[in-house]
Amino acid sequence: MKNSATYSSEGAFIQDCQKVNFFYGPNGSGKSTISNFLSNPAASQYRDCEIVWENNAALDVVVYNREFRNKNFKENIAGVFTLGQATMEDIEALEKLKEQRVKQQEEYSTRKSTLQKKIDEEQKHKNDFRDIVWERILKQNEADFQEAFSGFRGNKERFRDEVLRRYQISHSSTETKDALLSRAKTLFARKPEKCAAISFSFDDLAVKIAEIEASFIWGKVIVGNKNLPIGRLIEALDNADWVNQKTIPNFV
């Protein structure tokens with residue numbers, strides 16, 4: 001061991017190692033440096049260190065030290081450890097996902113709060129509009145248009161929705177208030193009276209239809225005066241004869 005951590009340029013030699021070897025010494029004497037070198041001899045900080053295997057037959061080296069524990073153990077609960085570097089990587093990835101989830105939860109809460117504010121603002125605008133149209137449209141014109149407002153006078157929300165529906169159908173109108181008042185008086189001057197149901201005989205109607213179908217008029221040729229528009233149309237369509245070819249005096 002040379003030029004690494006506590007080992008000087010003169011170096012230290014450890015010889016005659018057996019199958020099982022113990023290294024002991026005070027803190028800072030270089031024990032961990034030896035184990036770190038054995039676990040990763042290709043690291044740059046050990047470029048001046050060297051290990052010589054008997055008969056040049058390298059053996060598998062397994063090192064258990066502080067660095068190994070930091071890489072492979074995680075104490076989630078007191079006395080309970082997670083073992084394995086792959087598992088450690090999964091735990092780190094999980095921790096990142098947890099952090100990401102916290103951020104997303106915070107973003108969700110912020111957006112939810114913003115959305116609720118917008119909903120409350122929209123409801124306030126709708127309520128304000130409801131009160132405005134109720135006072136300015138219905139109340140100010142209720143006496144003149146009682147019948148027209150029928151079904152809406154007892155519910156502000158329903159009246160507001162009806163105003164919005166009518167506005168979507170037509171954004172503007174050329175009608176004046178005086179014209180509307182005149183029409184209202186005409187329509188609602190007196191209450192409509194209920195009339196008796198109109199009755200008729202189907203048999204009489206069937207007889208009348210049969211008479212129409214049997215009328216001799218369907219066998220007549222229609223010839224219009226060519227000087228009239230209808231006459232020129234008949235000539236252009238070439239349909240002067242309904243049933244068969246006949247000639248009768250022109251109809252003017």
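Start by selecting F202: at 60% relative accessibility, F202 counts as exposed (exposed means over 50% relative accessible area, buried under 20%, partly exposed in between, with a 1.4 Å probe and protein chains only). F202 sits in helix α6, residues 202–213 (helices are DSSP runs of H or I, at least four residues, numbered from the N terminus).

You're looking at a predicted model, where local features need pLDDT of at least 70, side-chain atom pairs count only at pLDDT 80 or more, and totals for chains, interfaces and linings use all residues. Residues are numbered from 1 along each chain as its sequence is written, and side-chain values use heavy atoms, with hydrogens and water left out.

Next, pick W134 and F159. They make an edge-to-face aromatic pair, 6.1 Å centre to centre with 85° between the planes (ring centres of Phe, Tyr and Trp, the last by its six-membered ring, lie within 6.5 Å; planes under 30 degrees apart are stacked, over 60 edge-to-face, the rest tilted). W134 is in helix α3 (residues 85–141) and F159 in helix α4, so the pair ties together parts 25 residues apart in sequence. Buried or exposed, what is W134? W134 is buried, at 7% relative accessible area, and F159 is buried too, at 4%.

Last stop: S4, in the segment before α1 (31–39). S4 is buried, at 7%. Beyond neighbours within four places in sequence, S4 is in contact with T33, Q45, Y46 and C49 (contact means heavy atoms within 4.5 Å).

How values were computed. Helices (H or I, at least four residues) and strands (E, at least two) are DSSP runs, numbered from the N terminus.
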